[in-house]
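Dear colleague,

Here is the structure I promised to pass on to you.

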Amino acid sequence: IPWLGQVPQHWQVKRLKFYSERVFTGSTPPSAETQYYEEPTVNWFTPSDFTDEGAPVSDSNRKLNIAAVNDGVVRFFAMPCALIVSIGATLGRVGFTEGGFACNQQINVVVPAAGMDAKFLFYSLSTKRATMKVISNATTLGIMNQDTTRQIDISAPLIDEQIEIVEFLDSAVEEFDRLARKVAEAIDRLSEYR
């Protein structure tokens, strides 16, 4: 393809359901059960933890007490996962976390299948925000349930290439962030001089 270059024949395009072990939706403990919110230590992600640009998330704005996990009020994810905001104006925002978290019901958690890298899924899903808005099943308030999420098309190579692509993208994102910080510092300095 002239404008795209060579595309490896072994890359497959499949629905997300074939690349994920499972798609889960989070939950919120009852607000009347105050013990779940006191002395919080467990990351509990909500849409406010995600950006339009998509980024790894490691520390949530709100946390829960470990009792919420122990009592089965929220599902705890210990493995790396891709996360998708599945409702409202922020629908389609994507995040990635190494594990050790819970989330509310506005987040869909994609647990990768064997042979899939969670961060590769995160980067792939980051390009699908417009698709997510289209396939959400409401005209006024977009909602993307687990079944709808599993229908998203993803293109993926074998795991070794996924890891190589993730390493390249991590390096490129780190360089862009460094340049953005440098520009912001220059702007601050120029404002100070003025």
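This is a predicted model: local features need pLDDT of at least 70, side-chain atom pairs count only at pLDDT 80 or more; totals for chains, interfaces and linings use all residues.

Residues are numbered from 1 along each chain as its sequence is written, and side-chain values use heavy atoms, with hydrogens and water left out.

The protein chain has 6 helices and 10 strands (DSSP runs, H or I of at least four residues for helices and E of at least two for strands, numbered from the N terminus). Of its 194 residues, 38% count as buried, meaning under 20% relative accessible area with a 1.4 Å probe, protein chains only.

Helix α3 (residues 118-126) is largely enclosed by the rest of the structure, because 8 of its 9 residues are buried; among them are Phe120, Phe122 and Tyr123. At the start of α3, a side-chain oxygen of Asp117 comes to within 3.1 Å of the backbone nitrogen of Lys119.

Arg93 lies in the loop between β6 (81-85) and β7 (94-97), and counts as buried at 18% relative accessibility. Its side chain makes a polar contact of 2.8 Å with that of Asp52 (a pair of N or O atoms within 3.5 Å, where within protein one must be able to donate a hydrogen and the other to accept it, and residues adjacent in sequence count only if both atoms are side-chain atoms). The C-alpha atoms of Arg93 and Arg129, 36 residues apart along the chain, are separated by 6.8 Å.

With best wishes

Definitions and conventions
Buried means under 20% relative accessible area, exposed over 50%, partly exposed in between (1.4 Å probe, protein chains only).
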